[in-house]
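Please examine the sequence and the structure shown below.

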Amino acid sequence: MSNSSLRITKSNYLQFFRCPNAFHLIHQGLVSKPPQQFNSNLEWSEFQNLCRSLFSNAVTIEKSQDREGAIQKTTQAIQDKKTTFSAHLQFHEYFTIIECLQYDPTRDGWVIWDFRPVGSLKLDILRSFYYHDKVASGLGLSIIGNQLIRIQSSYERSEDFDLNAYLNMSEISEKLRSEKETRDAEWQEFVEFRCEPGEIRFDSEKSKCRSAKACVATDHCFSNLPNQFEIFDLRDGNDLTKTWFKENRLRYEDLPYTDLSPIQKIQVDAHKWNAVHFDRKNLELFFQNITDTVAFLDFESTNPYIPIFPKTRPFQHLPFLYSLHIWDSKTNELVHKTFIQEDTSMDPRPSVLNALSHDLPRGITIFSFNDFFEKLIIEESSLAFPEFRPFWQEVEPRFKDLALPFKRFWVYHPKQNGKASLKEILPAFTKENHKELSIQAGQDANYQYLKLVKKQVTVEEKKSVLEDLVAYCKLDSYGLFLIYRMLREELSISQC
Ligand code: SF4
C-alpha cells in the first residue's frame, strides 16, 4: 500500500479520542464520515484572513486535491526558510496542515501557529498541537514555539473593528510541556490501537460511545446484537445504560426497575403501558396565575463569531425574527404577529424590539420554550439599545417556560422517546411537525440568515429563505399554543 492510502490525518487522530471504533471504520473507508449538518465555514475564510494579516512575507500553499504537490511546495518553502500558510507536512503516514509555520531567523527555528475561531482552549486544540509537533519534529524541523490565535469572547465591537482586541494570541508551549506525559500516553494508545484494533463492536468501556442510535457505524458495532436500542433513549441514562446494554438488557422491561431514577421510572412505565403520563398536581401548580390572554413567543437569532455590527460581541445571539401567537382563552381568538429584519445590512435588534414592543400586549403571561433564551435576547438587546430597557423590565416577570413541564417529566408521551425538545413533543401531542418545512432546526435558521447577511445568495434565494424562516418560526410559536391548549384541556384548568 502506498503512503497516501495509509495516510493518517489530524482529523483521524482526533476522531480516535471520540471513539476508536469510529476512527478505525472511517479510516479504513468502511463507513463515511458523518456529514456536517450546518456548514461552519461561512466565516472561516474571513477569520483566516484576519489571522494571516498579522504576518508579512509568507508563502501560501493552496489546499487542493493535489496533496503531493502541496507537500512539495511546502518542502521548498521550508528549505527557503519562508513563513508558510497552510503548510502541508507528511512524516511517514502522518499528514497534517499547519495554519502557519513561521520561521524565526533569530533562533533559527519554527513556530507552529494555529488559528481557531473559538473562545476557550479545548482539549482538541492541545491534541492538534501535539500532532503537528509530532509530524514537524519527525521531519527534523526545530520547533521553538507554539502559538494559538483564538477569539476574545468579551470583545465588544465599536464602529471600527479592532483586530488586536478581537484576536486572543497566546504562547502555549508551557501548557503543552506540562501535559506532555498525558499526550505521550495518548499517542502510545493510538499507535497500539492501530496495530491491534481488536473486535469492532460496541464496548461499554469506550466511554465516548454515547448512543447506539446516533452513530454512523451502528451496523458494525452492534452487528452481534438484536436491533433493539430503545434503552439508549433512557433519560439521563449515560454510563448506566451502557452497562445494562452489556448485560443484554435491551428493552425497558429488562431494566432493574428499583435502580431507576423517578424520571426514568415515568419513562419506562409510559412505554410499558403505552400511556401518556400527567402529573396533575405539579401541572396545576405550574399553571397557577396564568392570564386569560396568553402569548407564545419564539425568536430566531444568528450569532456570528466575527462581530458585524457595533455593540455586538463574538458569538452573541442577535434576534432577526420573531413569531408571536396571542390567544384569548375566553373568546378562543388566536392572533399571529411576526417580524423579520429583511435589510440584512443593518443590526436587526432595534427593529425587532421596536416591532415586538408594539405587538406584545402588556400584563399577559408570555410562554416560550426554554424561556432563558428569549429573555436573554431581549435583555442583551435592551442593554445595547437602552430605549428598550423599560419594555424589558415590563415583560421580564411575565415569562413562563413551557419546556419546564416536559423537562421535569410532569408530562410525558411515549412518542417523545426520552426527549423533551419541541421537535419531539409537537408530533407526539399534535398533528403538526417540522418535517415538511425547508428549515427544520434553529441552527439551520441561524446559518441561513447569516448567509443572507454575508450576501451569499441571489435575490430570488433571499426571498425564499426569508419565507422559509418565517414559516419555521411560526410553527414553533403555534406549536406552543397547541401544546398549551392541550394541557389546559387535559387538566381543565380554570383561568385566574
Ligand atoms: S456505535 Fe459507538 S462504538 Fe461504534 S463507532 Fe459509533 S460511537 Fe463508536
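In strand β6, M169 is the bridge partner of I149. This model is predicted; local features require pLDDT of at least 70, side-chain atom pairs count only at pLDDT 80 or more, and totals for chains, interfaces and linings use all residues. Residues are numbered from 1 along each chain as its sequence is written.

Strand β5 (residues 143-151) pairs with β6 in the antiparallel sense over five bridges. Pairing requires that DSSP find at least two bridges between two strands; strands (E, at least two residues) and helices (H or I, at least four) are DSSP runs numbered from the N terminus. Both strands belong to an open sheet of six strands with mixed pairing, in the order β1-β2-β3-β4-β5-β6. Its edge strands, β1 (59-60) and β6 (167-171), each pair on one side only.

Helix α5 (residues 123-138) lies across β2 (84-91), β3 (94-104), β4 (109-115) and β5, where contact means C-beta atoms, placed from the backbone, within 7 Å. The helix runs at about 150 degrees to β4; axes are lines fitted to C-alpha atoms, for helices over the stretch in contact, and angles run from 0 to 180 degrees between N-to-C directions.

In helix α14, E374, I377, I378, S381 and S382 are buried, with 20 or more other C-beta atoms within 10 Å of their own, whereas exposed residues have 12 or fewer and partly exposed ones lie in between, C-beta atoms being placed from the backbone. The buried residues fall within an arc of 115 degrees seen down the axis of α14, so they line one face of the helix; the arc is that of the directions from the helix axis to the C-beta atoms. The face turned away from the buried side of α14 carries the exposed residues F372 and L383. Among the elements covering the buried residues of α14 are β8 (293-302), β9 (318-328) and α13 (349-359).

Terms used: Two residues are in contact if their C-beta atoms, placed from the backbone, lie within 7 Å.
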